[in-house]
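Please take a moment to look over the sequence and the model before reading on. The paragraphs below are meant to be read slowly, with the structure open beside them.

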Amino acid sequence: MIGRICGTGSYVPAHFLDNNDLAKIVDTNDEWIRERTGVVRRHIIEDETMVSMAVTASKRALENSGVAPEELDLILVSTFTSEVLLPCAACEVQREIGAVNATGFDLNAACTGFVFAYNTAQAYIASGMYRTVLVIGSESLSNMVNWEDRGTCILFGDGAGAVVLKAGEGTPYQPVTYSDGGKGSALTCMSRHRKGWISGAEDLDSYMKMDGQAVFKFAVKQVPEVILEVLEKVDIPLEDIDYFILHQANKRIIEAVAKRLKQNIDKFPMNLDEYGNTSSASIPILLDEMNREGLFQRGQKLVLAGFGAGLSWGAACLEW
Ligand code: ACO
């Protein structure tokens, strides 16, 4: 059995900061940010939370799929930015959408999180344990950003995306994910709940800290390799892929991946100009936007690929 996407949904806050807004906060400018990253705006939560965005994205995905909440067996939430530690976000979503027959849990693989969650859903479906799964990526990164650090605050935004997977006949699923904890220091964010941390005190470790160049080099090397590996496993030539849906971190990273794979950049859709890097929400938000624009047709082949803290990276190939 294989899980097929039968519906998508997303939510991004209405409130946004554009590059000129950021130039009033830190020493930066619109030209630098556009040239180095491709980001123009990032949407930021006001009254929303990571869970409330996940709930809205999920309701929209269920509506789009025609699946009733009671039909869901499993809810997976990929996040590292929850405002609440207990209960887990999956239980909060379950309650809010009325998925009374579903079990669920959260997982954290940073910006690769949606790919890991998608793979986990596929593994459960392949095992026969669950048939109908809601996979969510939701992040309120603005809570984790040091708004005085121009090296990171320009990059990130908030949002959520969700897909509904339903079991059907198909070629057995072939996931590819990797972790390299040895390079973990390239991107870190310490918990505000750790021993010795005094609430309210200035603690720069509790914001995201990143060696941008190290992450950049890692991404442009590993993402093309993992895409080639996943395609070799399913025996599909690169040329047969209609769209490469990459984690939306940086326009230059996506362009470099397209170049290394010798593929037309038109096959690499982007929306990071509008949202910035929304971590594990970026792939499902992009999937939802493309789905609602009617860009997908049955039988089209897509590759999803993510990378991020851990370090972690991975890819999945799917038929629409
Ligand atoms: N505005 C103006 N100047 C800046 C800014 C800014 N916002 N940020 C840095 N600079 C300066 C630096 O201080 C440096 O100045 P110097 O030459 O006087 O020392 C200069 O610009 C160049 O800085 P670099 O860090 O070398 O710039 P780079 O071209 O590498 O771009 C960037 C930085 C955009 C962060 C890039 O490295 C990048 O995108 N890396 C990947 C990051 C990423 O994708 N992370 C997400 C991973 S996903 C996850 O798990 C959360």
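The model is a predicted one, in which local features need pLDDT of at least 70 and side-chain atom pairs count only at pLDDT 80 or more, while totals for chains, interfaces and linings use all residues. Residues are numbered from 1 along each chain as its sequence is written.

C111 is found in the loop between β5 (103-107) and α5 (113-127), where helices (H or I, at least four residues) and strands (E, at least two) are DSSP runs numbered from the N terminus. Is C111 buried or exposed? C111 counts as buried because it has 33 C-beta neighbours inside 10 Å; a residue is called buried if 20 or more other C-beta atoms lie within 10 Å of its own, exposed if 12 or fewer, and partly exposed in between, with C-beta atoms placed from the backbone. Leaving aside neighbours within four places in sequence, C111 is in contact with residues including H247, A249, S279 and G308, a contact being two C-beta atoms, placed from the backbone, that lie within 7 Å. In the loop between β5 and α5 there is also A110, which has a positive phi of about 50 degrees although it is not a glycine. A110 is buried, with 23 other C-beta atoms within 10 Å.

N277 lies in the loop between α9 (272-275) and α10, and it is buried, with 23 other C-beta atoms within 10 Å. Not counting residues up to four places away in sequence, N277 touches several residues, among them L155, F156, Q248 and S282. In helix α10 (residues 282-292), S282 is one of the buried residues, as are I283 and P284. Just after α10, G294 takes a positive phi of about 75 degrees.

The ligand brings us back to C111. Which residues are closest to the ligand? It is surrounded by 22 residues, and the closest are T28, C111, G212, A249 and G308; a residue is near a molecule if its C-beta atom, placed from the backbone, lies within 6 Å of it. Helices α2 (30-37), α6 (150-153) and α7 each supply at least two residues of this shell.

Helix α7 (residues 212-234) also packs against helix α8 (residues 251-260), at an angle of about 35 degrees and with their axes 9 Å apart; axes are lines fitted to C-alpha atoms, for helices over the stretch in contact, and angles run from 0 to 180 degrees between N-to-C directions. Here F216, A219, V220, V223 and P224 in α7 meet I253, A256, V257 and R260 in α8. With 8 C-beta neighbours inside 10 Å, D235 counts as exposed.

Finally, two peptide bonds deserve a look. The bond from L86 to P87 is cis, with omega near -5 degrees, and a cis peptide bond also joins G310 and L311, where omega is about -10 degrees.
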